[in-house]
Amino acid sequence: MPPKDPELIALRKELEDLIAKCQQDQKSKQDKTIEEISNGMADVPKCKLVTKKMLKGHINKVNSVHYSGDSRHAVSGSLDGKLIIWDTWTGNKVQVIPLRSAWVMSVAFAPTGNFVACGGMDNMCTVYDLNNRDSNGGAKMIRELLGYEGFLSSCRFVDDKTLITGSGDMKLCMWDLEAGKRTNEVEAAHCGDVVSLSLAPEDQNIFVTGSVDKTCKLWDRRELKCKQVFFGHEADVNSVCFHNSGYGFSTASEDKSARLYDIRSDQQIAMYKPPNTTSGFTSCGLSVSGRFLLAGSDDNSVHVWDTMKVQHNGTLNGHENRVTSLSVSPNGMSVVTSSWDMNVRVWV
């Protein structure tokens with residue numbers, strides 16, 4: 001091992017002291033906790049979601065899944081080198097899209113349902129037009145977005161013309177899909193891989209990112225400038241999800257906790273842990289009302305909490321391996337999850 005650099009150690013300690021001071025200042029401004037405010041509220045019923053459809057078709061680990069804006073179709077990406085477009089109401093495959101690289105890590109469905117995007121260890125983001133077919137009958141590839149020095153870890157459509165991506169080289173990029181050009185980028189958006197991003201539900205100019213540097217950041221895409229930084233997690237932030245109010249977001253982390261952050265108070269307002277804290281969390285989602293928080297876990301299950309009373313509400317069991325991704329339908333009626341057990345499940 002290389003010798004420890006005293007200057008680096010001193011700088012790290014100084015940074016940790018600054019973060020601790022910020023957190024103490026934030027806590028001093030907190031007049032009440034969310035549990036105290038919600039003390040008089042009635043308990044919510046137990047979450048009784050069951051597997052309505054088991055979507056079988058992949059022959060390797062499924063790493064990512066995402067709902068379309070119509071709350072019916074979903075896209076999944078697997079290490080078998082395929083994207084599959086599913087009709088989650090019938091359980092049927094709508095399209096199977098072969099990929100040039102099998103190492104897919106993130107998929108995204110455009111809200112309109114016209115396009116899907118994916119990327120991973122091939123260090124690029126590929127966009128497919130579902131309404132046009134290539135010579136082999138599959139969805140036509142319309143863009144290969146290059147320029148990354150690390151794997152593509154997250155991507156989300158703002159609309160059919162605009163895409164935001166985060167990658168393992170710490171970059172955030174904005175893309176004009178019609179021109180196939182990068183319109184803006186931040187070289188060092190985080191101090192580690194940009195693992196996840198989530199767009200605000202109403203104001204699509206605002207989005208939040210999570211990173212392996214243990215922080216979350218709030219961005220305005222018009223300037224691509226960081227507006228706020230949120231601390232608290234003690235390990236990689238694997239997933240972020242905006243609250244439907246637009247005033248907060250949830251997170252899921254390797255530190256075996258999920259958390260809720262409030263943008264207006266600039267701090268964490270709740271931390272959620274399961275009864276048995278043995279596994280980290282890979283993904284998270286919020287119900288339309290924001291009352292339920294769901295988090296996919298390395299323990300093969302999805303944990304559910306009452307966000308207001310900070311109570312563990314139950315688990316969704318069925319997957320036989322690590323739950324890698326989850327997506328709540330825009331209408332709030334169902335949840336779709338993917339897993340290393342090669343299956344995708346629709347919970348209703």
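**Aromatic pairs and their surroundings**

Author: F207 has a relative accessible area of 0%, so F207 is buried. Bear in mind that this is a predicted model.

Reader: What makes W219 count as buried?

Author: W219 comes out at 2% relative accessibility, and buried means under 20%, so W219 counts as buried.

Reader: How many aromatic pairs does a search of the whole structure find?

Author: The search turns up 8 aromatic pairs.

Reader: Why is the pair of Y148 and W175 called tilted?

Author: The ring centres of Y148 and W175 are 6.0 Å apart, with the planes at 55°. Stacked needs planes under 30 degrees apart and edge-to-face needs over 60, the rest being tilted, so this pair is tilted.

Reader: Which parts does that pair tie together?

Author: Y148 is in the loop between β9 (139-145) and β10 (152-159), while W175 is in strand β12 (residues 172-176), so the pair links parts 27 residues apart in sequence.

Reader: Are Y148 and W175 buried or exposed?

Author: With the cut-off for buried at under 20%, Y148 at 8% counts as buried, and W175 at 3% is buried too.

Reader: What makes F207 and W219 a stacked pair?

Author: Their planes are 10° apart and stacked means under 30 degrees, so the pair is stacked. The rings are 6.4 Å centre to centre, and pairing requires centres within 6.5 Å.

Reader: How do you know that the charged end of K61 sits over the ring of W340?

Author: The distance to the ring centre is 4.0 Å, where the limit is within 6 Å and within 35 degrees of the ring normal.

Definitions and conventions: Residues numbered from 1 in each chain as written. Predicted model: local features only at pLDDT ≥ 70, side-chain atom pairs only at ≥ 80, totals over all residues. Heavy atoms only, no water. Helix = DSSP H or I, 4+ residues; strand = E, 2+ residues; numbered from the N terminus. Buried < 20%, exposed > 50% of the residue type's maximum accessible area, 1.4 Å probe, protein only.
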